[in-house]
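Here are my notes on the model, point by point. Please read them with the structure open.

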Amino acid sequence: MNYKIRKIRKDDYKKVAQVVTMSWNETYKDIVPKWFLDELKKNEEERANQMLVDFENNNYLVLEVNKEVVGFVWYGIATDEDYKNHGEIKALYIIKKYQGNGYGKELFKEAVKELKKMKFDKMIISCLKKNPANEFYKHMGGIYLKDCEFKKLKLPENIYYFNI
């Protein structure tokens with residue numbers, strides 16, 4: 001399969017919002033409440049429009065496979081007050097049918113390159129405790145730091161640390 005990782009364009013936001021909805025429904029259907037997953041679908045257009053508002057300052061890379069956006073990574077300065085001098089991968093999603101092909105690793109590596117350009121030498125990632133992606137982040141060199149809470153749903157998360 002032909003793939004490309006590139007900076008997001010304005011015409012990608014609707015597809016990125018769809019990737020979020022699909023990924024959450026595929027990965028979290030037995031982890032988060034159904035109402036939350038239903039809301040993702042209802043709010044897709046609003047999320048896409050919200051991402052567009054700050055287009056000039058976005059930090060998104062998209063994954064295209066055969067010229068279709070099937071994943072993305074969002075990165076930037078860490079949002080956790082304890083790690084303000086760290087970069088963060090805030091989201092990395094790939095539609096399930098494209099997982100297992102090394103695309104996640106490539107998105108991760110490209111986000112790290114971008115964080116280095118932003119002058120970060122360390123980063124964090126948070127991941128819901130029941131998410132199978134915890135193993136991926138450990139495999140990528142993540143060191144477990146602490147538990148935290150995904151506030152929207154009051155669900156436990158792990159925070160991983162990386163030297164980059």
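1. Asn158 lies in strand 7. Helices (H or I, at least four residues) and strands (E, at least two) are DSSP runs, numbered from the N terminus. Asn158 is buried, at a relative accessible area of 7%. Buried means under 20% and exposed over 50%, with partly exposed in between (1.4 Å probe, protein chains only).

2. This is a predicted model: local features need pLDDT of at least 70, side-chain atom pairs count only at pLDDT 80 or more, and totals for chains, interfaces and linings use all residues. Residues are numbered from 1 along each chain as its sequence is written, and side-chain values use heavy atoms, with hydrogens and water left out.

3. What does the side chain of Asn158 make polar contacts with? One partner is the side chain of Lys129, at 2.6 Å. Another is the side chain of Tyr160, at 3.4 Å. A polar contact is a pair of N or O atoms within 3.5 Å; within protein, one must be able to donate a hydrogen and the other to accept it, and residues adjacent in sequence count only if both atoms are side-chain atoms. Not counting residues up to four places away in sequence, Asn158 also touches others, including Ile125, Ser126 and Tyr144. Contact means heavy atoms within 4.5 Å.

4. Two strands pair if DSSP finds at least two bridges between them. Strand 5 (residues 122-128) and strand 7 (residues 155-163) run antiparallel over 7 bridges. Ser126 has Ile159 of strand 7 as its bridge partner.

5. Look next at helix 3. Glu44, Ala48 and Met51 are buried there. They cover an arc of only 60° around the axis, which puts them on the same side of helix 3. The arc is that of the directions from the helix axis to the C-beta atoms. The buried residues pack against helix 1, helix 2 (34-42) and strand 2. The face turned away from the buried side carries exposed Glu45, Glu46, Gln50 and Val53.

6. Asn58 sits in the loop between helix 3 (44-53) and strand 2 (60-65). Asn58 is buried too, with a relative accessible area of 13%. Its side chain makes a polar contact with that of Tyr13 (3.3 Å). A polar atom of the Asn58 side chain lies 3.2 Å from the backbone nitrogen of Tyr60.
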